[in-house]
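Biologist: Can you walk me through this one? I'd like to start with charge pairs.

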Amino acid sequence: MNKEIFDIFNTDLQFIHGVGPVLATKFNDVLGGRRVLDFLLHIPSYVRPREILDSVTNAQNGDTITVSVMVKSHKRGGVFRGRRHPTQIICADKFAAPITLQFFNTKFLDYWIEKLPIGQWRIVSGKLDYSQRSGAIINHPDFIELPENASKIPTHQAVYPSGEGLTQKTFANVRDQIFKIIHERVSVQNTDENLMEFIDALTHVHFPESNDDLVPNGTYVAKLAYCELFAHQSAIAINRRIRKSKTNTRPIRAKKHDLINKFYEILPFALTGAQQRTIDEIFADFNRPTPMMRLVQGDVGSGKTMVAMAAMVKMAESGAQSVLLAPTDALAQQHFAKLKPMCDKLGLVCDVLTGRDKGVARREKLISLKSGRTKIAIGTHALFSTDVEYKDLGLVIIDEQHRFGVAQRTAMRTKGNNPDMLALSATPIPRTLSMTVYGDMDISIINEKPAGRIPIKTTKLPIERVGALISRIAPQVQSGAKVFWVCPLVAESEISDMVAAQSRFEDLKKYFPETGLCHGQMDKKERDKVMNEFADENSKMRILVSTTVIEVGIDVPSATIMVIENAERFGLAALHQLRGRVGRGNSQSYCVLLYGNNVSPDGLKRLDVLCETDDGFVIAEQDLMMRGVGELLGTKQSGWIQYHFVNYREHRDLFKLAQTASMDDNISENVWAKQLRQIFDCSTIAGA
Ligand code: ADP
Ligand code: MG
């Protein structure tokens, strides 16, 4: 029965032999979930061959090798004259060529000496470190096995994208356990053929024989990618059908215009043509009997918030309520601070609700929402807690929509009677893809910036020039310029990123004592405090060093300089987003892309794109074309659906195929499609 397999998919990893709650939590951090399925959808990034060699002399520096060695002597490590020395196990291979196994952890000085007695043979595998001076060394071999256990060392090791505290061995063990269970349950008689094939493809990518098994267009990855796309496209197709069958017109909505006219009067600036056009499109949707589902794509700084405000004011005219959902507390507070004074002038009750609201104050806010008195509610997902009720929720606006999960989007819809939905996104999707990615949304594009904006000057600079950069920005900082200084968050380890940001912070403090620091390991309150201080016009804090946790939407109009370290590690769209944090006021802004020594020629070319253009659509298209196999930072925030197997560039044809297959009238009854939607968690997607 397929159900049995699904039961395994949904099992918490902590119940897999050898895992337990602590490891399961670590897996959760890396996989973004803690079910067996989450593990299965996380595939190795490459295959590391562990070539079995007769002699270490046949290998090159840097090779990963597997070789039989005999222990010759020991050299106990420790701290001598203030210097740390490793424990060394001196060995020789079958041809008596010397090789040293080296261990640095001084806490286990004797462990390895006892485990590797003189005169015994072992099979070891690890990365060879060879130099003329020290000879052949393997530091901390990945495997040390008795000769009879040689088969425990994989000849083709699947290497998983990992995280803090999870070794490749742990990944391999868990994988072995999981597939053992799955293969016990799968049987030709009882398992659906589609599911069999799916599991077969999963098996191949988790036990790859070469890198060919892991490339996007390899048989198995392509198969899985198609399944994933079919799941998404069928969900989109179904959502479209459901939405078209619903109605929500409020009769008086179109008749009154006094509030919206007053809104136009109190606006401190003239709307851009693109803003006005988008607003008109939204109002036209309001008047249609089907619920609105519109995505507004507009570059950072294109003025999406005012478009949202216009929509909420119009909704209030009909007496219904609106919510504006922000991904973070800080952003919600910022929207509130900006929109509340306008609401006051319009006589509209506006409130903010976040996770911070507690007790009596919160209860009062809830009462006001339930009574319908509050017309505009701004906040985080706290707006959709189970005890929050609305009298008549007519419009849900999601700011930075890609930062919300499926579950959250579903929760929003249930609070009203088919409310209109408006999503705001700062990262344009290449036109070539938008039909398939947001198949069920109508799209408005704000392709025009408010007048008077001065284009940001972008340059790239090697990291060695950081000293020169500091002297160049010093006078500007002295005269009041504010600087965002971003240090990247490396996927493997948040801790080491924090260290990088920390050391840059210490460094900059020598020149600029009022520098602030903000990173993901900090307490959220502490982080908000630093960010607010940086945003405060009157504070002395001029430089904010941070990892990429700085919230994408935060508005500090006085910030004019953006420095991004190791810019080559980011996706283009992410860099463009970050750059958009400056250039919001009326003075000249700058973006400096610092790149590391290991930058590739392609990496430099990508940075050139950014130096040359400020057009989000051009950048998105380039991003798509240049996106390599390796994950670039910030692709998560790029506003595109995060697929497990699908590669936007390599699988364009599959998009079309899956879309066509999803046009089938019986798609909602199709059992396999239904199961795939479960597997890929898209029973409801795209906010529908
Ligand atoms: P985003 O699209 O990135 O969310 P915002 O809505 O935060 O951009 O707008 C950026 C800034 O531009 C805000 O300070 C906003 O008040 C201002 N702004 C918006 N529309 C206009 C306009 N038509 N003319 C001048 N300034 C505008
Ligand atoms: Mg915004």
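Modeller: A salt bridge here is a side-chain nitrogen of Lys or Arg within 4 Å of a carboxyl oxygen of Asp or Glu. Keep in mind that this is a predicted model.

Biologist: How many salt bridges does that rule count?

Modeller: The count comes to 26. Take Arg-294 and Glu-281: their side chains meet at 3.7 Å, N to O. Arg-294 sits in strand S12 and Glu-281 in helix H9, 13 residues apart.

Biologist: Is Arg-294 buried or exposed?

Modeller: Arg-294 is buried, at 8% relative accessible area. Glu-281 is partly exposed, at 27%.

Biologist: What about Arg-356 and Asp-329?

Modeller: Those side chains form a salt bridge too, at 2.7 Å from N to O. Arg-356 lies in the loop between strand S14 and helix H12, while Asp-329 belongs to helix H11, 27 residues apart. Asp-329 counts as buried because its relative accessible area is 9%, under the 20% limit. Arg-356 is partly exposed at 48%.

Biologist: Which residues are joined into one network by shared partners?

Modeller: Glu-281, Asp-285, Arg-288 and Arg-294.

Biologist: New topic. In the largest nonpolar core, which residues touch the most other members?

Modeller: Leu-13, Phe-198 and Phe-680, out of 57 residues. Helices H1, H5 and H22 are among the elements giving two or more residues. H7 gives the largest share, 8 residues.

Biologist: And the surface: where is there a patch of negative charge?

Modeller: Glu-514, Glu-533, Asp-536 and Glu-537 gather there. Asp-536 is in the loop between helix H17 and strand S22, and is partly exposed at 35%.

Key. Residues are numbered from 1 along each chain as its sequence is written. Chains are lettered from A and ligands numbered from 1 in the order in which they are written. This is a predicted model: local features need pLDDT of at least 70, side-chain atom pairs count only at pLDDT 80 or more; totals for chains, interfaces and linings use all residues. Side-chain values use heavy atoms; hydrogens and water are left out. Patches are made of residues with over 30% relative accessible area and no salt bridge: like charges are joined within 9 Å, nonpolar side chains (Val, Leu, Ile, Met, Phe, Trp, Tyr) within 5 Å. Accessible areas come from the Shrake-Rupley method with a 1.4 Å probe; for residues, only the protein chains shown count as cover. Lys and Arg count as positive and Asp and Glu as negative; His and the chain ends are not counted. The place of a charge is taken as NZ of Lys, CZ of Arg, CG of Asp or CD of Glu. Helices (H or I, at least four residues) and strands (E, at least two) are DSSP runs, numbered from the N terminus. Buried means under 20% relative accessible area, exposed over 50%, partly exposed in between (1.4 Å probe, protein chains only). A nonpolar core is a set of buried Ala, Val, Leu, Ile, Met, Phe, Trp, Tyr and Cys residues joined through side-chain atoms within 4.5 Å.
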